[in-house]
Amino acid sequence: MEKVLVIGGGITGIQAALDLSQLGFSVILLEREAELGGKLKQLSALFPRGESAGELLEAKKRQLEESGNIQITTGTEIETVNLQPSGYKVTLKGGGTSLDVQAAVLATGFDPFDPSPIEEYGYGRLKDVITAFELEEQLQGGKVERPSTGSPPQGVSFLQCVGSRDRRTNRYCSYFCCTYALKEALAVKKLNPASVVNILYMDIRTPYLYEHLYTEAREKGVRFVRSRVSGITEKDGLLDLDIENTLTGQSESLPAELVVLSTGGVSTAGNAHLAEQFKLTLSDQGFFKVEEPPVKSGGEGIFVAGTASGLKDIPQCLAEASAGAIQVSAFMNGRKK
């Protein structure tokens, strides 16, 4: 049976492995962390319909267990890759295990942007300034609290485009930040309808069916302030946001008990090593380049899916995982002719 290597055990890699298995391939699913799940295991609910991220992940894991031709290897990474007439010999770190595979799907995912260098936002210095991923951890437990007091915040402000669309960090749009901020804002309002929730934005980008989340958020009382935030300070137990309202041109002061930074994403550091081993090209931002979107790379039998090639939402990642599996099948069939 022909073997295919899937690199990355997040939702994209899991879906690619399942689809490849159904297509009749023997699959090796390789994850560098100790367990599967990637960023999905850090989320509470999914947009737009609010499904449980944990339940989706568990369902996918059960499907992996029920498949008879998927080998899962966690807690290790690739050491070397050597091209062979029949495919690739891949050696793993920490033991020298070698794998002979005929094709590979790279689903290495992304890393959240670290907002610490943006000093004016006070992340790491002000306890009640957190990231959206940290808010997701709270929502997994069915609560929202101020880290400084452990009490529910009565005023929450979301800051958009943190680490994205910024000359100092990354100029690209991270695609999913506006939508997850809407989802989280609605979750905060559901837990505490009396709370004041603000979203401070440059512009709202909610593509496709996500526009209804924007409408729902406004109907539920979420306030949208088109603005730029120049600084956050702490005063009398509250956070004080200095903003420029870009609609009125006026400088304003906005109080909050909790500030959530809607951080974007960056490429994973391991992409550079994989690109060197598989002789692939990276974009200036460190994502894998695809020669024929959405998944074809410049390497023979090597395909790229999900956020390994750029930032996108979960439905797109799942679609690219399936596309990668189909392209592997087409590649294999082409070699047999």
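I started with the second largest pocket: α4 (177–191) and α5 (211–219) each supply at least two residues of its lining. Helices here are DSSP runs of H or I with at least four residues, strands are E runs of at least two, and both are numbered from the N terminus. This is a predicted model, where local features need pLDDT of at least 70, side-chain atom pairs count only at pLDDT 80 or more, and totals for chains, interfaces and linings use all residues. Residues are numbered from 1 along each chain as its sequence is written, and side-chain values use heavy atoms, with hydrogens and water left out.

Which helix gives the largest share of that lining? α4 does, with six residues. In total 19 residues line the pocket, and Ala 45, Lys 183, Leu 186, Ala 187 and Lys 190 lie nearest its centre. (On a 1 Å grid over the protein atoms alone, a pocket is an open set of points where a 1.4 Å probe fits, with protein on both sides within 12 Å along at least five of seven lines; lining residues have an atom within 4 Å of a point.)

Next I looked at α2. Its 14 residues (53–66) should span 20 Å at 1.5 Å a residue, and the end C-alpha atoms are 20 Å apart, so the two agree. (The expected span is 1.5 Å times one less than the number of residues.)

I then checked burial: Ala 53, Leu 57, Lys 60, Lys 61 and Leu 64 are buried in α2, while Glu 55, Glu 65 and Glu 66 are exposed on the other side. (Buried is under 20% relative accessible area and exposed over 50%, with a 1.4 Å probe and protein chains only.)
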